[in-house]
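Subject: Structure handover

Hello,

Here is the structure we spoke about. Please open it first, then read the notes below.

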Amino acid sequence: VQGVVEICRIRAEQKGVGFQYHPDPDLPMGVHGDDKRLRQVLINLLGNAVKFTEQGTVTLRVQCLPSPPTPAGEREQHRLRIEVEDTGIGMSPDFLHRLFLPFEQSRETARKTEGTGLGLAITHKIVQLMGSDLQVRSELGQGSCFTFEIGLTAAREWAQAAAMNHHRQILRLAGPARCLLVVDDKWENRSVIVNLLQPLGFEVLEAEHGAAALEQLQQCQPDLIVTDLMMPVLDGFALMAQLQASEQWSSIPVIASSASVFESDQHRSFDVGAVDFLPKPIQAQQLLDFLEHHLALTWVYADGAGPAVTDAGVPHPEPWDAAPLKIPTGDRLTALYDLAKRGRIRALEERLSDLAAEDKAWLPFVQTLRPLTQQFQVKELQRVLETYLDPLPAPPLPTVD
């Protein structure tokens with residue numbers, strides 16, 4: 001959704017039309033679904049709204065509707081309502097009933113009636129295949145609002161799936177935690193970075209504009225800053241200029257991030273001190289690559305292989321060896337093994353998520369099992385859990401001559 005929003009916001013701004021995105025604060029961070037088709041639906045609806053709005057605003061709302069309780073052992077279900085509203089030219093009542101017919105055009109000119117052509121017919125069909133129905137209300141000369149609801153299954157492991165570096169699953173940082181400051185006026189943009197990096201061992205601070213970021217720096221100096229460029233109060237360019245002018249903060253690496261397609265904005269960000277440019281929507285692997293490079297990070301991988309080597313070809317030290325993996329004991333571990341024996345992978349994933357939320361010290365243990373659950377490696381899961389269940393052999397008694 002964020003990727004679609006950034007694309008359509010640029011189109012609207014180029015046309016001089018306002019664009020608003022109102023996500024529900026309770027939206028899940030990730031869901032299972034057909035991202036290609038859902039993206040196609042959103043781009044069709046928002047593209048039409050921008051195309052047929054000459055002045056005013058195009059608005060996207062994504063609301064999380066109440067859902068029945070999730071049965072034990074099942075994944076959480078979400079019912080989302082998606083609305084695309086505009087203040088464009090609208091449609092007359094006699095045209096609405098023909099709106100979703102293929103190649104249907106207004107009897108007036110195409111510029112006078114919104115949502116014409118094959119695009120809406122395909123959009124309507126895709127929404128139906130998703131188990132929903134595309135509703136529309138419209139008034140000629142006042143604008144239109146398209147609405148549909150869709151049921152999706154929560155994907156709690158989305159951050160783990162995103163945390164891939166060169167096709168290897170990252171478990172966590174090796175060594176001490178690093179602190180990042182994310183500066184962006186859109187909370188949903190900040191939340192993606194926060195939810196991606198915190199499970200890996202980063203401390204992530206947030207600021208909604210440059211002035212708030214400078215206040216944060218008075219309290220705590222981060223290892224790196226990721227900043228948006230276009231923000232109210234104090235934008236990213238001005239923030240970076242002030243950082244460069246400060247003896248105290250000029251050494252902090254800053255990554256500029258923007259959905260801007262203009263190379264001039266990228267060049268300007270480098271001119272005022274950015275060390276890299278991260279296009280929006282943010283790609284997780286690119287962000288991780290930037291952090292690895294600018295902070296000289298070493299990752300702990302799920303495959304158990306050693307850390308990456310330094311530029312000189314020397315392996316990084318392995319400080320995590322000094323901290324043994326914390327394993328749940330008693331009923332918790334027995335419950336995991338029981339689910340693995342019965343092949344209840346979804347229930348096992350839910351139980352692992354609960355453990356990670358209950359005690360962060362169990363997160364590395366959880367992350368060692370998740371690649372096996374994602375690949376439905378039931379036998380391997382049983383084998384691994386058995387090794388944790390079996391008690392260590394008692395040391396031999398000393399012999400006496």
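Let me begin with one cysteine. Cysteine 145 touches Glu83, Val84, Glu85, Gln135, Val136 and Arg137, leaving out residues up to four places away in sequence. Keep in mind that this is a predicted model.

Cysteine 145 sits in strand 6, residues 143-154. Its relative accessibility is 2%, so cysteine 145 counts as buried, the cut-off being under 20%. Glycine 90 is 55 residues from cysteine 145 in sequence. In space, the C-alpha atoms of these two residues are 9.0 Å apart.

**The chain overall**

The chain has 401 residues, and 47% of them are buried. It holds 14 helices and 14 strands. Take the contacts with a separation of 6 or more: 68% of these join residues 24 or more positions apart.

**Arginine 79**

Arginine 79 belongs to strand 4, residues 77-86. Is arginine 79 buried, exposed or partly exposed? Its relative accessible area is 30%, so arginine 79 is partly exposed. That value falls between the cut-offs of 20% and 50%.

Its contacts, with neighbours within four places in sequence left aside, come from several parts of the numbering. They are Gln63, Cys64, Leu65 and Ser67, then Gly131, and then Glu149, Ile150 and Gly151. Serine 67 is twelve residues from arginine 79 along the chain. The C-alpha atoms of that pair are separated by 6.4 Å.

**Helix 7 and helix 8**

Next, a helix pair. Two packed helices are described by the angle between their axes and the distance between the axes. Helix 7 covers residues 210-219 and helix 8 covers residues 236-244. Their axes come within 9 Å and cross at roughly 30°. Angles under 35 degrees count as roughly parallel, so helix 7 is roughly parallel to helix 8.

Which residues in helix 7 and helix 8 meet? Helix 7 brings Gly210, Ala213, Leu214 and Leu217. Helix 8 brings Leu239, Gln242 and Leu243. By type, the residues of this contact divide into five nonpolar, two polar and no charged.

**Helix 14**

Helix 14 runs over residues 378-389, twelve residues. At 1.5 Å a residue, helix 14 should span 16 Å. Its end C-alpha atoms are 16 Å apart, which agrees.

Where do the buried residues of helix 14 lie around its axis? Leu381, Gln382, Val384 and Leu385 are buried. Seen down the axis, the buried residues of helix 14 fall within an arc of 170°, so they line one face of the helix. An α-helix has 3.6 residues a turn, so residues three or four places apart point the same way.

**Two positive phi values**

Valine 233 has a phi near 65°, a positive value in a residue other than glycine. Valine 233 lies in the loop between strand 11 (224-228) and helix 8. Its relative accessibility is 66%, so valine 233 counts as exposed.

Alanine 296 has a phi near 50°, again a positive value in a residue other than glycine. Its place is the loop between helix 10 (284-295) and strand 14 (299-301). Alanine 296 is exposed, with a relative accessible area of 55%.

Best regards

Technical notes
Residues numbered from 1 in each chain as written. Predicted model: local features only at pLDDT ≥ 70, side-chain atom pairs only at ≥ 80, totals over all residues. Heavy atoms only, no water. Axes fitted to C-alpha atoms, helices over the stretch in contact; angles between N-to-C directions. Helix = DSSP H or I, 4+ residues; strand = E, 2+ residues; numbered from the N terminus. Parallel < 35°, antiparallel > 145°, perpendicular 65-115°, else oblique. Contact = heavy atoms within 4.5 Å. Nonpolar A, V, L, I, M, F, W, Y, C, P; charged D, E, K, R; others polar. Expected span 1.5 Å × (residues − 1). Buried < 20%, exposed > 50% of the residue type's maximum accessible area, 1.4 Å probe, protein only. Arc of directions from axis to C-beta.
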